Amino acid sequence: MLDHSSRQLSSNIPMDALSEVLQDFRLNGVNYGRCELQHPWSIAFPHQQLLRFHFVSQGPCWIHTEAEGWQELNDGDLVLLPQGIAHRLASAPDVEGCSLESCQITRVGSNVCEVVREGTGRTSTLFCGSMALSAYALNPLIALMPPMIRGCDVAGNDPIIGPLLAAMTVEASQPQMGSATVLSRMADLLAARLIRCWVNCSGASTTGWLAAIRDPHLGRVLAAMHRDPGHNWTLERLASVAGQSRSLFAERFSTVLGEGAARYLARLRMQLARELLGQSGMSVAEVASRLGYESEASFARAFKRITSVSPGVVRRTSSGRMDMDFGF
């Protein structure tokens with residue numbers, strides 16, 4: 001639980017809480033693939049706990065999802081799949097099977113592949129990737145997003161998206177030394193702007209995470225907690241960040257988020273703890289210290305209360321590394 005210290009935390013957190021949450025947005029641990037696939041081809045992408053994207057420099061290219069069926073992607077289209085849902089890409093909807101076995105895959109760096117498939121028809125040039133986000137900062141937002149977002153659908157709401165897509169087309173179609181790095185930086189920026197566009201166009205709900213991040217008081221608090229979940233956040237400190245009295249802040253937080261600040265912070269910490277235990281190789285004691293717990297025992301009790309399993313079990317059963325295969 002949060003303590004009730006009378007100390008206050010001075011803060012210079014900006015009013016734009018969404019920018020604060022997105023300021024450390026990075027496509028961490030990304031695997032990219034620049035693909036040249038000659039028709040006919042078809043490749044299935046299984047569901048994964050990673051954000052995926054596909055950029056079509058030159059078609060033909062179609063995408064199939066269970067919910068939407070087949071959709072044609074045009075030259076310069078970018079598709080963002082925030083929850084990494086299962087889908088299929090193909091040069092035409094009637095192409096069956098999987099063309100993966102006939103692809104020549106060459107790793108040209110620690111996280112970049114060249115994927116080539118010879119065929120009899122037109123060549124499709126794609127730039128695809130899997131992205132591991134900072135889940136503890138963005139997971140609430142990602143969970144609210146639709147299964148698929150097309151860049152062309154939101155380009156009219158952001159004057160930068162169109163030129164970015166055009167620049168990625170040039171870079172992908174005329175690869176030079178360092179092209180993969182340049183494309184990855186463009187993907188960073190483009191994904192962040194697509195997320196921001198979706199937030200700005202997703203309506204004006206009065207409750208829930210989106211309503212909270214838009215609130216000038218609660219948004220600053222969410223940004224602060226997500227930026228530093230291991231800080232010794234007391235109710236007074238959070239109220240100070242919000243610029244409200246303790247009682248007003250506590251009531252407003254519960255009304256909009258549907259739970260108290262202490263519960264929200266505890267869940268946030270446990271989400272990050274699962275990530276650290278499962279991927280970083282950190283010990284339980286190290287994770288407990290990083291997240292602000294005075295002892296390993298108190299952290300373990302909180303972890304099991306919220307997740308229903310012990311931190312030791314998560315650490316032992318994890319592979320130690322998230323699978324970063326982007327699908328080929």
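The legends below describe close-up views of a predicted model, in which local features need pLDDT of at least 70, side-chain atom pairs count only at pLDDT 80 or more, and totals for chains, interfaces and linings use all residues. Residues are numbered from 1 along each chain as its sequence is written, and side-chain values use heavy atoms, with hydrogens and water left out.

**View 1. The salt bridge between aspartate 77 and arginine 150.** A salt bridge is taken here as a side-chain nitrogen of Lys or Arg within 4 Å of a carboxyl oxygen of Asp or Glu, and a search of the whole structure finds eight of them. In the one shown, the closest N and O atoms of aspartate 77 and arginine 150 are 2.6 Å apart. Aspartate 77 lies in the loop between strand E5 (69–73) and strand E6 (78–81), while arginine 150 belongs to strand E11 (residues 149–150), so the pair ties together parts that are 73 residues apart in sequence. Helices (H or I, at least four residues) and strands (E, at least two) are DSSP runs, numbered from the N terminus. Aspartate 77, at 6% relative accessibility, counts as buried, and arginine 150 counts as buried at 12%; buried means under 20% relative accessible area, exposed over 50%, and partly exposed in between (1.4 Å probe, protein chains only).

**View 2. The surroundings of arginine 150.** Besides its polar contact with the side chain of aspartate 77 (2.6 Å), the side chain of arginine 150 reaches the backbone oxygen of glutamate 72 at 3.3 Å. A polar contact is a pair of N or O atoms within 3.5 Å; within protein, one must be able to donate a hydrogen and the other to accept it, and residues adjacent in sequence count only if both atoms are side-chain atoms. When residues up to four places away in sequence are not counted, arginine 150 touches Gln71, Glu72, Leu73, Asn74, Asp77, Leu78 and Val79, where contact means heavy atoms within 4.5 Å.

**View 3. Further salt bridges, including that of arginine 252 with aspartate 215.** Side chains of opposite charge can pair when their charged atoms come close. The side chains of arginine 252 and aspartate 215 meet at 3.0 Å, N to O. Arginine 252 sits in helix H9 (residues 246–257) and aspartate 215 in the loop between helix H6 (209–214) and helix H7 (218–227), so this pair ties together parts that are 37 residues apart in sequence. Arginine 252 is partly exposed, with a relative accessible area of 34%, whereas aspartate 215 counts as buried at 11%. Another salt bridge joins arginine 267 to glutamate 259 (2.5 Å, N to O); here arginine 267 is partly exposed at 36% and glutamate 259 is buried at 15%. Arg34, Glu36 and Glu114, in turn, are linked in a network of salt bridges.

**View 4. The largest nonpolar core and leucine 78.** A nonpolar core is a set of buried Ala, Val, Leu, Ile, Met, Phe, Trp, Tyr and Cys residues joined through side-chain atoms within 4.5 Å. The largest has 52 residues, of which Leu78, Leu80, Met225, Phe249 and Phe253 touch the most other members, and its largest share, ten residues, comes from helix H5 (residues 179–200). Apart from this core lies another, of 18 residues, among them Val56, Cys61, Leu89 and Val115. Leaving aside neighbours within four places in sequence, leucine 78 is in contact with residues including Phe53, Phe55, Ile149, Arg150, Leu190 and Leu194.

**View 5. Strand E7 and its partners.** Two strands pair if DSSP finds at least two bridges between them. Strand E7 (residues 87–90) runs antiparallel to E2, to which four bridges join it, and serine 42 stands opposite alanine 90 in E7. E4 and E7 also pair in the antiparallel sense, over three bridges, with arginine 88 in E7 as the bridge partner of histidine 64.

**View 6. Backbone details at proline 40, proline 60 and serine 308.** A cis peptide bond, with omega of about 5 degrees, joins histidine 39 and proline 40, and proline 40 lies in the loop between strand E1 (28–38) and strand E2 (42–45). Glycine 59 and proline 60 are likewise joined by a cis peptide bond, with omega of about 15 degrees, and proline 60 is found in the loop between strand E3 (51–58) and strand E4 (61–65). Serine 308, although not a glycine, has a positive phi of about 75 degrees; serine 308 is found in the loop between helix H12 (296–307) and helix H13 (311–317) and counts as exposed at 58% relative accessibility.
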